[in-house]
Amino acid sequence: MEASEDDASLSPESPPLASVPRHHPRALLSCSFCRKRKRKCDKSLPDCSFCRRQRRRCVYPQRKVSTPAAEEEEVPPAAKTVVESHPSEAVVVYFLDHDIFTCGEMTVADVHSAVPESVSSLLGDTAALQKDAAEYFRTVHCWWSIISKHSFYNRLMNPLVPRQGDVVLLLLCMKLITWRPSEEGKDPRTPLYLAAKHYATELEVVGSFSIRGLQAAVLIAVYEFAHGIYPSAFLSVASCARYGRALNIHLTLTESSGSCVNCFQSEEKRRLWWAILILDRFANISCPGRRNFETDDPSPTDLLPADDVAWDAGMVTPYDRMTISCPATERMGRFAKLAQATHLLCRVLQHVADHSMDAEFRESQERQLEKAIQMSIRMVSGVLKGPAGAHAQICYR
């Protein structure tokens, strides 16, 4: 049985009990010499008993008195961190051996980590959050509908549900993407942008791995493209693609109606993957021969995003499914038309990069592509500005 502190004071190496009164203050940690020799130290102040007998200079790492307050102050920061703030074993197994993860029916738990004060101050109070959200849905959401209004206001903004770090990051990025340059500040590398990038890295390090985190990463990539922040914009798209593949959201493009358990969640993932695919093609539009895409080209049978109105209302059903080959109708929302136009862009990039076709076949392919592009442009009735003409702008490009 391990000896107590009082037993140690009666050992031959210790001074008489009377020489070290019980009320005598002691150091919190062993002295440097005893720690180095891995021997018991009675932590007496100003010198431990062993150093006094050896006539050595006794040095303590911390010379504070061992009071309850001092002990609380000296606890290392890592010891105060909750267990959930470190990557769980399930996350490691998910990436190293996904078969074991699946067969073991393992799940990746949410990461509970404290939100830094610097991030909270940038978000502001509830009124500020409501204002930023309203601005986001009034502007960005019209042409980049990857976050459902129904889900956002009923779940993410619910005051009764504690916000996790990935949700806080998403709120920060929704505020970021509505930023506009002004006379006071024209540099897009604002403190808000730097804070969002830094906080995203922090959450990644502690093991955060979720749809909300990926939505935030996509918004950061869009912000970087919009303001010409290179090479970050180019690299962010590749990171989003790897993130999306890790979450298996790319499989929602080929999902059958029978395998769909939750239509709303599937739609959320599908829209997110289309957003990544659109960004990936846009990043390479000036270099069609490079062919280093991070996402696969969609096929005519792949699913498009559902109707935007049903999506925002949280009323997505299997009857809202449409494929790329479906003719454009009024049921097809703006984001679906944007995805369909991106499919045409993929075909154009394939055509430009393929040098194996003979001249006659290449000419016929070009005529077919031109006809499809012109039809897509006519869908907006000549309106090429604003959210309604986003897909037509891609066709003209």
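The legends below describe close-up views of a predicted model.

Local features are given only at pLDDT of at least 70 and side-chain atom pairs only at pLDDT 80 or more, while totals for chains, interfaces and linings use all residues. Residues are numbered from 1 along each chain as its sequence is written, and side-chain values use heavy atoms, with hydrogens and water left out.

**View 1. Overall fold and confidence.** The protein has 19 helices and 0 strands. Helices (H or I, at least four residues) and strands (E, at least two) are DSSP runs, numbered from the N terminus. Of the 397 residues, 42% count as buried; buried means under 20% relative accessible area, exposed over 50%, and partly exposed in between, with a 1.4 Å probe and protein chains only. Among contacts with a separation of 6 or more, 63% join residues 24 or more positions apart, a contact being heavy atoms within 4.5 Å. The mean pLDDT is 76, and 77% of the residues reach 70 or more; pLDDT is the predictor's confidence in each residue, from 0 to 100.

**View 2. The annotated segment, residues 30–60.** The unreviewed UniProt entry carries the annotation "domain: Zn(2)-C6 fungal-type" over residues 30–60. UniProt positions are given in the numbering used here, feature names are shortened, and annotations may be inferred rather than shown by experiment. The chain over residues 30–60 is 35% helix and 0% strand, and its end C-alpha atoms are 7 Å apart.

**View 3. The loop between H2 and H3.** Pro-46 is in the loop between helix H2 (32–37) and helix H3 (49–53). A cis peptide bond joins Leu-45 to Pro-46, with omega about 10 degrees. Lys-43 is also placed in the loop between H2 and H3. Although not a glycine, Lys-43 has a positive phi of about 60 degrees. Most residues other than glycine have a negative phi, and most peptide bonds are trans.

View 4. Pro-231 is in the loop between helix H13 (211–226) and helix H14 (232–246). The peptide bond from Tyr-230 to Pro-231 is cis, with omega near 5 degrees. Asn-248 is in the loop between H14 and H15. Asn-248 is not a glycine, yet its phi is positive, at about 60 degrees. Asn-248 counts as partly exposed because its relative accessibility is 31%.

**View 5. Surroundings of Leu-303.** Leu-303 is in the loop between helix H15 (263–283) and helix H16 (308–313). With a relative accessible area of 8%, Leu-303 is buried. Beyond its neighbours within four places in sequence, Leu-303 is in contact with Thr-252, Leu-253, Glu-255, Arg-270, Trp-274, Arg-321, Met-322 and Thr-323. Leu-303 and Thr-252 are 51 residues apart along the chain, and their C-alpha atoms are separated by 7.8 Å.

**View 6. Arg-270 in helix H15.** Arg-270 lies in helix H15 and is buried, with a relative accessible area of 4%. Not counting residues up to four places away in sequence, Arg-270 touches Thr-252, Leu-253, Glu-255, Leu-303, Leu-304 and Arg-321. Between the C-alpha atoms of Arg-270 and Glu-255, 15 residues apart along the chain, the separation is 9.5 Å.

**View 7. The largest cavity.** The structure holds 3 cavities of 30 Å³ or more, and the largest contains about 80 Å³ of space. A cavity is a set of points, on a 1 Å grid over the protein atoms alone, where a 1.4 Å probe fits but cannot get out; lining residues have an atom within 4 Å of a point. Grid points are joined across faces, edges and corners, and a volume is the space filled by probe spheres set on the points. The largest cavity is lined by 15 residues, and Glu-267, Arg-270, Val-316, Thr-317 and Arg-321 lie nearest its centre. The lining divides into 8 nonpolar, 2 polar and 5 charged residues. Ala, Val, Leu, Ile, Met, Phe, Trp, Tyr, Cys and Pro count as nonpolar, Asp, Glu, Lys and Arg as charged, and the others, Gly among them, as polar.

Key
1 Å grid on protein atoms, 1.4 Å probe; cavity = no way out; pocket = protein on both sides within 12 Å on 5 of 7 lines; lining within 4 Å.
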